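Student: I'd like to learn how to read this structure. Can we go through it feature by feature?

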Amino acid sequence: MSLWIEKYRPNSFDEIIGQKDIVEKLKMMAEKKEIQHLILSGPPGVGKTTSAVVLAKTVFGSNWKENFIELNASDDRKLSVIQGKVKEFARSKPIDAPFKIILFDEADSLTQEAQQALRRMMEEYSQTCRFIFSVNYQSNLIEAIQSRCAIFRFQPLTKSDVYEFIDRIAKNENLELTDDAKEALYTLSKGDLRSLTNLLQSISNISKKIDKDLVYRGSGLVNLQKLENGINA
């Protein structure tokens with residue numbers, strides 16, 4: 001059984017849900033192969049990491065894995081990692097491309113020392129590498145990094161965006177969802193498509209016909225309407 005978060009991860013800009021203005025700007029950058037250092041800022045599950053991966057796939061084509069590396073900064077946030085793995089990748093020659101791309105996911109977890117080291121690398125290896133920082137809180141990055149990057153602020157997804165994504169999965173997986181089930185999924189996920197996808201896959205193992213009660217039972221959370229009724233009683 002495949003993981004739906006990977007199965008339904010977009011592979012092109014046209015598949016990305018919402019963020020139309022940002023997607024158009026990234027698409028233009030990819031077509032011209034003129035990429036700046038970037039900060040992708042916004043809440044979880046709205047397409048920051050996916051947009052960076054799609055950007056790399058579009059720019060590098062079949063060589064994207066050789067010219068792109070993704071690091072989870074909450075794990076690889078120490079200065080030794082920056083001076084070792086990152087520096088080695090940044091200074092090596094790109095393969096049939098004008099530059100490489102390094103993506104730091106959850107970059108707001110990077111230590112101050114690691115950020116200072118990265119700031120120096122951004123200058124030293126600007127001819128061979130571009131740095132992308134995906135963050136929930138842009139303010140946690142030092143000013144020296146912020147000033148060297150183009151900043152894209154991702155917005156929370158609208159209800160219609162989330163419903164579009166739910167319908168896409170439901171059609172492919174032969175699911176039947178009631179309107180109140182969609183409403184419950186939107187409420188529980190808070191617009192986080194990664195969280196929504198995991199929840200919907202776990203519920204689909206119980207039944208292909210999904211209503212609001214099944215969504216709340218599958219999530220392990222209290223049905224808000226029942227809670228309200230209990231308080232009123």
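Student: How many bridges join strand 2 to strand 3?

Tutor: Two strands pair if DSSP finds at least two bridges between them. Strands (E, at least two residues) and helices (H or I, at least four) are DSSP runs, numbered from the N terminus. Here strand 2 and strand 3 (residues 100–105) run parallel and are joined by five bridges. One example is glutamate 70, whose bridge partner in strand 3 is leucine 103. Keep in mind that this is a predicted model: local features need pLDDT of at least 70, side-chain atom pairs count only at pLDDT 80 or more, and totals for chains, interfaces and linings use all residues. Residues are numbered from 1 along each chain as its sequence is written, and side-chain values use heavy atoms, with hydrogens and water left out.

Student: What is the order of the strands in the open sheet?

Tutor: The five strands are ordered 2-3-4-1-5, with parallel pairing. Strand 2 (68–72) and strand 5 are the edge strands, each pairing on one side only.

Student: Which strands does helix 2 lie across?

Tutor: For angles, axes are lines fitted to C-alpha atoms, for helices over the stretch in contact, and the angles run from 0 to 180 degrees between N-to-C directions. Helix 2 lies across strand 1 and strand 5, at about 145° to strand 5. Helix 6 (residues 112–124) also packs on the sheet, where it touches strand 3 and strand 4 (129–135).

Student: Which residues of helix 2 are buried?

Tutor: Buried means under 20% relative accessible area, exposed over 50%, and partly exposed in between (1.4 Å probe, protein chains only). In helix 2 the buried ones are Ile22, Val23, Leu26, Met29 and Ala30. They sit on the same side of helix 2 because they cover an arc of only 125° around the axis, the arc being that of the directions from the helix axis to the C-beta atoms. The face turned away from that buried side carries the exposed Lys20, Asp21, Glu31 and Lys32.

Student: What covers the buried residues of helix 2?

Tutor: Contact means heavy atoms within 4.5 Å. The cover includes strand 1 (38–41), helix 3 (48–60) and strand 5 (150–153).

Student: And is glutamine 201 buried or exposed?

Tutor: Glutamine 201, in helix 10 (residues 193–204), counts as buried because its relative accessibility is 6%. A polar atom of its side chain lies 3.1 Å from the backbone nitrogen of tryptophan 4.

Definitions and conventions:
A polar contact is a pair of N or O atoms within 3.5 Å; within protein, one must be able to donate a hydrogen and the other to accept it, and residues adjacent in sequence count only if both atoms are side-chain atoms.
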